[in-house]
Amino acid sequence: MNKNQETHFDNFAYDWWNKAGYYKLLHKLNPIRLQYIESKYNLKGKKILDIGCGGGLLTEELYKKGAVVTGIDSSSKSIKIAKQHAEEQDLDITYLNHSIFDSTFNKEFDCIICFEMIEHIDMPNNLLKKILEISKDSSSLFLSTLNRNLKSFIFAKLIAEYVLKYVPKGTHQYSKFITPYELTKMIEENQYKLNALDGLMFNPIDESFSLSENIDINYFLYAER
């Protein structure tokens with residue numbers, strides 16, 4: 001993630017746990033993310049890395065399900081908020097404030113989760129290479145991102161940022177959106193095998209999310225090796 005985007009997330013870090021604030025849609029999405037993970041994977045007792053954990057919304061839920069969790073994020077303000085919230089809840093979560101590319105983990109994770117982050121990375125294949133380095137030989141991987149096509153440009157970029165203003169302008173760069181084909185090819189180049197590809201639908205009327213077979217805009221990917 002480049003410095004401009006780190007600054008962007010730092011600027012809104014104070015709002016991570018405000019369910020009516022900047023991250024309100026993420027709060028509504030969080031149960032669906034957890035539901036998706038649990039439908040594919042048993043978290044209990046597993047060593048999990050949450051890449052791009054932000055303020056810890058998903059990280060805390062993973063811990064509550066019995067996982068041994070580490071959250072990592074390059075936004076210092078987000079990690080500060082995550083640590084503070086975990087301490088208030090008496091949750092034993094490890095939070096690290098640096099880039100995943102600078103980490104020195106040693107093939108120690110059973111499962112790596114990276115949601116809504118790869119579309120902010122300049123060289124996403126390097127992220128997959130790093131994930132391969134730090135995960136166990138038999139491990140699982142969860143990713144979520146935005147597809148790249150005209151429909152996603154209209155709804156995820158133009159409408160979300162400029163019309164409905166769900167997220168601030170400039171949150172996403174369309175050129176960094178990744179098609180399922182491209183992402184599948186990347187994981188296969190890094191020794192993972194695609195297990196599942198599922199879509200995510202958003203209902204703007206009640207601002208709710210649901211899992212779907214439609215992967216035109218948002219999608220989840222689950223892989224194993």
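The model is predicted, so to speak of local features I require pLDDT of at least 70, and side-chain atom pairs count only at pLDDT 80 or more, while totals for chains, interfaces and linings use all residues. Residues are numbered from 1 along each chain as its sequence is written, and side-chain values use heavy atoms, with hydrogens and water left out.

I begin with the cores. A nonpolar core is a set of buried Ala, Val, Leu, Ile, Met, Phe, Trp, Tyr and Cys residues joined through side-chain atoms within 4.5 Å; buried means under 20% relative accessible area, exposed over 50%, and partly exposed in between, with a 1.4 Å probe and protein chains only. The largest such core has 29 residues, and I37, L43, I48, L62, I113 and F142 have the most contacts inside it. A second, separate core of 25 residues includes F105, I112, I131 and L221.

I turn now to the rings. Rings of Phe, Tyr and Trp (its six-membered ring) pair if their centres lie within 6.5 Å; planes under 30 degrees apart count as stacked, over 60 as edge-to-face and the rest as tilted. The structure holds eleven aromatic pairs. One of them, Y36 with F142, is edge-to-face, at 6.1 Å centre to centre and 80° between the planes. Both Y36 and F142 are buried. The F202 and F209 rings have centres 4.9 Å apart and planes at 40°, so this pair is tilted. F202 is partly exposed at 28% relative accessibility, whereas F209 is buried at 16%. Finally, Y36, Y41, F115, F142, F220 and Y222 form one aromatic cluster.
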